[in-house]
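Please look through the following notes with the structure open beside you.

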Amino acid sequence: MRYGHFDDDAREYVITTPHTPYPWINYLGSEQFFSLLSHQAGGYSFYRDAKMRRLTRYRYNNIPSDAGGRYFYINDGGDVWTPSWMPVKADLDHFECRHGLGYSKITGERGGLSVESLFFVPMGENAEVQKVTLTNTSDATKSVTLFSFVEFCLWNAQDDQTNYQRNLSIGEVEVEAFNGTSSAIYHKTEYRERRDHYAVYGVNAEAAGFDTDRDAFVGAYNSLGEAAVPFAGKSTNSVASGWYPIASHSLEITLEPGASTSYTFVLGYIENPDEEKWVPADEAAGIKALQVINKTRAHELLARFATTEQTDAAFDKLVAHWNELLSGYSVTSGDSKLDRMVNIWNQYQCMVTFNMSRSASYFETGIGRGMGFRDSNQDLLGFVHLIPERARERILDIAATQLPDGSAYHQYQPLTKRGNDDIGSGFNDDPLWLILGVAGYLKETGDFGILDEMVPFDNDESLAAPLFEHLTRSFTFTVNNLGPHGLPLIGRADWNDCLNLNCFSTTPGESFQTTENQSGGVAESVFIAAMFVHIGPEYAELAERRGMPDVAEAARAAVAQVREATLTHGWDGEWFLRAYDFYGNKIGTDSKPEGKIWIEPQGFAVMAGIGTEVPADGGPSIAERALESVSTMLGTDHGLVLQYPAYQSYQIELGEVSTYPPGYKENGGIFCHNNPWVIIGETVVGNGARAFDYYKRIAPAYREDIGEVHKLEPYVYAQMIAGKEASRHGEAKNSWLTGTAAWNFVAVSQHLLGVRTDYDALIVDPCIGPEVPEFTVRRRARGATYVITVHNGGGKGASLTVDGVPIEGNAIPYAPAGSTVQVEVTVTA
């Protein structure tokens with residue numbers, strides 16, 4: 001069942017009913033100001049940090065779901081409705097939501113009136129702009145009243161939800177004197193204390209009335225769907241003092257048949273220097289010191305959207321920005337689902353994960369998590385080609401939170417760029433991801449100067465060292481933390497945060513990730529071993545390029561030792577083990593009744609080239625046997641489950657992974673993040689048909705027809721799909737903010753389609769199977785454009801001609817910036 005359709009030409013997903021199985025959202029903003037917006041106008045806005053600079057409220061875990069947003073109410077002769085359907089939920093004659101790249105357009109029509117609301121965050125602005133267009137589609141004159149509504153959050157989103165004994169006494173607003181051209185409401189709670197920021201919600205028209213007190217607008221014991229003011233048809237001009245500050249304008253509008261009119265509302269964030277916080281005292285004008293906020297910057301913001309033409313120009317600039325970003329990598333294949341995922345939605349989601357990491361979605365409140373050290377490094381791989389200059393900035397931010405011994409805070413806060421002590425460190429895979437992220441950046445840009453940038457450890461400038469030293473400590477951290485089998489120690493956890501082999505928790509509410517009730521130095525991770533073998537050579541290569549051959553040789557020797565340990569102690573006979581526990585027992589072994597095989601080491605070990613050698617008898621390699629076990633034991637129609645069989649009871653020595661019901665999340669769920677590692681692994685052994693099959697099982701565009709099963713957005717990846725042992729197999733959860741986005745773009749763009757940057761050349765090595773017999777990739781790299789046409793026989797290995805000249809191998813040296821290179825590729829059957 002579908003709830004809409006893709007409009008590829010417009011780069012939009014068109015939702016045609018408000019009754020989707022779950023709120024389907026979009027993200028607005030890609031710089032410092034961000035909004036989450038559902039197809040029903042739900043969600044919230046914040047500046048930089050969803051916890052510390054929250055502008056508007058949203059109520060998670062509420063009934064009905066998706067309660068709270070930015071709403072426009074219509075009172076049409078006593079008929080009250082909302083064009084977003086929520087919150088009034090009056091039947092609409094027509095509904096449509098178009099989620100585009102950085103914008104959404106919601107249209108509702110009822111009783112001969114169409115209301116279209118365009119929401120976007122303009123480039124260079126710390127504001128959400130809302131262009132509302134009303135059109136009289138009837139044959140009679142209409143006189144209606146439009147009511148806007150946002151509810152302010154008291155900045156710290158956690159404190160806002162908990163500290164009511166204080167919060168219900170501190171809410172403060174100012175209302176701009178209506179001047180005939182605009183009307184504005186200012187949220188200034190705590191501004192006269194330590195804050196240097198306030199919010200403004202204005203409209204480019206003189207309002208008939210306003211409300212800033214929620215109780216006055218909604219009415220006692222009412223929901224937003226039965227708010228008193230819209231149903232009464234007139235604002236009360238309430239001024240909030242304590243309690244719950246909101247912003248609402250009422251506009252009285254008359255439209256002749258066929259006529260349209262537009263208004264621009266602006267929800268903005270303003271910062272003032274301390275010395276400019278207040279309007280100077282002017283006793284003659286009745287202005288007392290420290291009473292009236294300095295609105296100069298707010299006025300300048302509102303003036304930039306004073307006309308429809310200004311608003312439209314800002315929107316056109318946003319569209320052009322995205323068109324330019326997405327022109328860096330595109331494919332034309334004849335498979336519309338593949339093309340739209342590669343050309344539009346996967347890259348768009350990669351940008352959102354760059355901005356948000358895992359911090360703010362409809363499954364993460366923006367309160368509990370900051371930016372992930374591991375997460376942000378992986379996200380780099382998916383967006384570095386889009387905005388390399390910001391990838392550089394992100395790398396330096398991440399590295400500055402690294403600890404002096406090479407380990408890392410697991411998360412850091414985006415506002416302060418400091419490590420998050422609440423989550424702590426000890427996730428022993430974290431350091432290696434920094435090497436992979438930096439390597440990805442260098443291959444894209446050739447900016448080796450970044451390795452000489454002085455970067456502090458733990459944000460302590462006295463400990464600053466070149467970025468390459470950070471990579472050295474990342475590498476040596478793993479070398480210095482090997483266990484009894486010569487495999488890396490797991491610490492609190494590795495990539496799987498829920499595999500906690502040193503926790504042994506029996507206390508309800510105790511954190512599995514920050515608690516270590518027994519210390520051992522025994523629990524080892526085969527997954528980190530595979531990571532080390534895959535990522536370690538990148539460090540050795542960089543050392544070699546810096547004129548450090550001895551360091552490079554020692555690094556390669558350390559990698560070889562862990563490779564051998566993985567083959568000797570990490571192989572279970574038909575697949576790779578997952579780990580050794582606190583007692584030195586095997587995890588992920590056929591000898592156990594549950595958790596026999598885990599996906600992570602199978603994919604990453606093959607990516608690393610472990611066991612890919614063809615045996616003397618010509619039989620399947622170790623890598624091929626591992627991947628065959630994945631297909632047989634982990635495969636489902638909805639993707640590959642994380643491990644099988646799932647755990648049926650709590651296994652104290654394993655930690656959180658066994659607390660989930662069978663088939664969900666890490667306990668046998670389809671954790672989509674790791675499926676691309678197997679996809680890439682299949683291309684390593686030359687099985688493009690199976691790799692593409694796995695890709696299609698989880699790619700959202702291919703799941704659109706099963707919307708009633710999948711439930712979440714059919715245009716972006718979800719973190720998790722319920723596994724084969726779950727009661728709702730195939731149902732997705734945790735959409736948008738997931739490493740699945742970056743890794744699936746790496747899998748499809750660099751390995752299935754096979755076009756990837758390297759240090760000195762563009763590599764062309766497709767492996768996608770015969771379903772896609774011909775395709776063309778257009779790829780910008782180092783300022784040149786490569787047009788790569790592939791004639792695909794479905795096998796592995798290709799012959800290349802570059803500008804009509806055959807070449808040896810698959811590496812094309814970078815061409816001069818500004819040039820266009822024509823590449824013809826023939827892949828054997």
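1. In this predicted model, helix H14 (residues 599-607) packs against helix H16 (residues 675-684) at an angle of about 40°, and their axes lie 8 Å apart. Helices here are DSSP runs of H or I with at least four residues, and strands are runs of E with at least two, numbered from the N terminus; axes are lines fitted to C-alpha atoms, for helices over the stretch in contact, and angles run from 0 to 180 degrees between N-to-C directions.

2. The residues that make this contact (heavy atoms within 4.5 Å) include Phe604 and Met607 of H14 together with Trp677 and Ile680 of H16.

3. A mixed, open sheet is formed by six strands in the order S20-S38-S39-S43-S40-S41, where two strands pair if DSSP finds at least two bridges between them. Strands S20 (329-332) and S41 (805-807) stand at the edges with a single partner strand each, so one side of each has no neighbour in the sheet. From one strand to the next, the twist averages 25°.

4. Strand S40 (residues 798-802) pairs with S41 in the antiparallel sense over three bridges, and Thr801 has Pro806 in S41 as its bridge partner.

5. Of the 829 residues in the protein, 61% are buried, meaning under 20% relative accessible area with a 1.4 Å probe, protein chains only.

6. Residues are numbered from 1 along each chain as its sequence is written. Local features need pLDDT of at least 70, side-chain atom pairs count only at pLDDT 80 or more, and totals for chains, interfaces and linings use all residues, while side-chain values use heavy atoms, leaving out hydrogens and water.

Methods. Buried means under 20% relative accessible area, exposed over 50%, partly exposed in between (1.4 Å probe, protein chains only).
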